[in-house]
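Have the viewer open as you read.

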Amino acid sequence: MAFVSAARVALHNVLHLHGQVRLLRLTYRKVRLHGVCISHVRCLASTKKGPSIGNSLHDAMTCNLDKMTPDQSPTSMEPSGISHVEETEADSTNSMPSADVSHALNRRFGMENLDHLHQEQTSSDGTDSDSDDEIKSSWTFEEENKSVELSNADLDRTNLKQISQHVVEPQYHLAAYVSESETLSQLVRLGVDLTQLQRVKGAADMIIKLDFETQVKPYLLFLHDIGVTDSHLGNYISKNPKIFNEDLEDLRVRINYLESKKFSKESIARIVSKAYVFLLMPVKTVDAKLGYLQQEYRLTGNEVRAVITRLPKLATWNLQKLKDNRFYIKEFLGFSDAELKQMLVKYPKLFLTNKHDLGRKFDYLYNTMEMSHNTLVEWPQVFRCRLHIIKQRHQFLLSVDRAQYDPTKENYVSLHALVTGYDLAFCENVAKASVIQYNNFLKSI
């Protein structure tokens, strides 16, 4: 049965290919025949012979088709009684209306939907049959009842115009210029990753034009003075090469602002090292974000400094996203202002999490695992854990009757113990089962 099925499939494919070949042959014949008609009609128009276009076309086609032999193609035949005329610009302007020609050809050969006809004429011995004396082929199409005739030169110009609209920028790697550029060679010695640097738009063209002694070295000394260590200097330049576009005085003003807010030198060094674009931000923008955090979450000065030092990216994050996350956590998840403050101080990264991910995890923790808001506030890091890990371990604890999340009862399982650690540690310390049993359970769900 399998052999018969395979044979049927093979036969079906052969028949399908045979049909496609027949369709291609028919289309090829129409294209070649249509090319003969265009050539003959243009000759008739240029010599202005014959009582009518339709009769001349019919006579020319009948005469040539009757004389063709199997070894001759329609496009290689010379029309009987008609000599080819080399077309000039003056002749082309005085030619017959192309709309009439197009309709005559469409009525005779049913080619109404052909927009472009590309002809490849070859003689019977395999050489090109086109000569310098023959008329060049043309393409005719109708648009809004107006006939437009495009010559080969016009098509070439059209194609070049289309190509020019998609200019491809030159691609290169800065590594090829290290041996020629002192700036690049010095940056490589500092540990700068040129591949990562090039990912910043415009950084490659900018960095290769800089003079190391006058335009790069002062910035490196400035970063070193504010506490960026030598081991982090290369990584900092790799991720923030646009610092060389900033004025040194502006950079010093931004550092002075942090000092005026009583940030310690260690905190300033951490903020600059972790939040790479911090030095690119105007003082006004930074002050607005710090003021928002202090007012909305009712933080003290020390708490603001602690939160920013713990997560410097919070100062560079989009302010509107911070507002949206706070609104979602408060209004949709039901946390109070005091609980929001506790979670911000304990785990500020929570407020950079996608709010839809927060909603899915909260729904499972609160509605399925029946955890209270107070329990979630105690360890907000659970919102950064993967949801499928939470589900798998909770379901396994249910299967071994150890899913107990009430701290006032025996066998209490904390959120930290639930989602942290490897599977082996989770099975031995929390589930009190073997890892083989846990793996078998995962295969069953």
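The largest nonpolar core holds 89 residues, and those with the most contacts inside it are Leu223, Ile237, Leu279 and Phe335. A nonpolar core here is a set of buried Ala, Val, Leu, Ile, Met, Phe, Trp, Tyr and Cys residues joined through side-chain atoms within 4.5 Å; buried means under 20% relative accessible area, with a 1.4 Å probe and protein chains only. Helix 9 gives the largest share of this core, six residues. Helices are DSSP runs of H or I with at least four residues, numbered from the N terminus. In soluble globular proteins, nonpolar side chains tend to be buried together.

A word on the ground rules: this is a predicted model, in which local features need pLDDT of at least 70 and side-chain atom pairs count only at pLDDT 80 or more, while totals for chains, interfaces and linings use all residues. Residues are numbered from 1 along each chain as its sequence is written, and side-chain values use heavy atoms, leaving out hydrogens and water.

Now pick out Ile237. Leaving aside neighbours within four places in sequence, Ile237 is in contact (heavy atoms within 4.5 Å) with Leu187, Val192, Leu197, Leu220, Leu223, Ile243 and Phe244. Next, find Asn240 in the loop between helix 10 and helix 11. Asn240 is buried, with a relative accessible area of 2%. Not counting residues up to four places away in sequence, Asn240 touches Tyr276 and Leu280.

Helix 12 (residues 265-274) has Ser267, Ile268, Ala269, Ile271, Val272 and Ser273 buried. These buried residues pack against helix 9 (212-225), helix 10 (230-239), helix 11 (248-260) and helix 14 (301-310).

Finally, turn to helix 13 and two of its partners. Helix 13 (residues 283-296) and helix 16 (residues 319-331) pack at an angle of about 15°, with their axes 11 Å apart; axes are lines fitted to C-alpha atoms over the stretch in contact, and angles run from 0 to 180 degrees between N-to-C directions. The two helices are therefore roughly parallel, a label for angles under 35 degrees. Lys289, Tyr292 and Glu296 of helix 13 meet Leu319, Leu322, Lys323 and Arg326 of helix 16.

With helix 14, the angle is about 120° and the axes lie 10 Å apart. That makes helix 13 oblique to helix 14. Here Leu290, Leu293 and Gln294 of helix 13 contact Gly301, Val304 and Ile308 of helix 14.

Methods. Buried < 20%, exposed > 50% of the residue type's maximum accessible area, 1.4 Å probe, protein only. Parallel < 35°, antiparallel > 145°, perpendicular 65-115°, else oblique.
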